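Let's take a walk through this structure together. Have a look at the sequence and the 3D view first, and then we'll go through it piece by piece.

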Amino acid sequence: QVQLVESGGGLLPPGGSLILSCAASGIIFRLIAMGWYLHAAGKQREFVATITTGGTTNYADAVKGRFTISRDNAKKTVYLQMNSLEPEDTAVYYCNIANRWGRSVPIADYWGQGTQITVSS
């Protein structure tokens, strides 16, 4: 019913910039927030950033000052502006939708397929 599609990934040198987009389709009965996670090779999935429908943002320490998350509630789309990219940012990036609350923390049941970001010289 609900599908998220990411776009904007690619290969670029260190210091470069990209913007990722994630558009959701289908009916979402409760949209608390949208966000991004990454999965680097050999590591567990990590939090990147989230934004609530009201515009409140949260970022992982590693991306603060470099990445900016934004959203268009009407389009059910979330964006991630990625600046000053480093090789350590190389990963598959997944968008998600937090659609329910679990013990005071939002839970995301909907995930995109992921888009590859590779930062290399």
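pLDDT is the predictor's confidence in each residue, on a scale from 0 to 100. You'll want that here, as what you're looking at is a predicted model. Averaged over the chain, pLDDT comes to 94, and 100% of the residues reach at least 70. Among the elements, strand S11 has the highest mean, at 98, while strand S10 (residues 105-111) has the lowest, at 90.

To find your place in it, look for Ser21, whose bridge partner in S8 is Tyr79.

Next, the inside. In soluble globular proteins, nonpolar side chains tend to be buried together. Here the largest nonpolar core holds 30 residues, and Trp36, Val48, Leu80 and Tyr93 have the most contacts inside it. Elements giving two or more residues to this core include S3, S7 and S8, along with strand S4 (33-39), strand S5 (46-52) and strand S9 (91-102).

Which residues does Leu80 contact, leaving aside its neighbours within four places in sequence? Among them are Trp36, Val48 and Tyr93, as well as Leu18, Ile19, Leu20, Phe67 and Ile69.

Methods: Residues numbered from 1 in each chain as written. Predicted model: local features only at pLDDT ≥ 70, side-chain atom pairs only at ≥ 80, totals over all residues. Heavy atoms only, no water. Pairing = 2+ DSSP bridges. Helix = DSSP H or I, 4+ residues; strand = E, 2+ residues; numbered from the N terminus. Core = buried A, V, L, I, M, F, W, Y, C linked by side-chain atoms within 4.5 Å. Buried < 20%, exposed > 50% of the residue type's maximum accessible area, 1.4 Å probe, protein only. Contact = heavy atoms within 4.5 Å.
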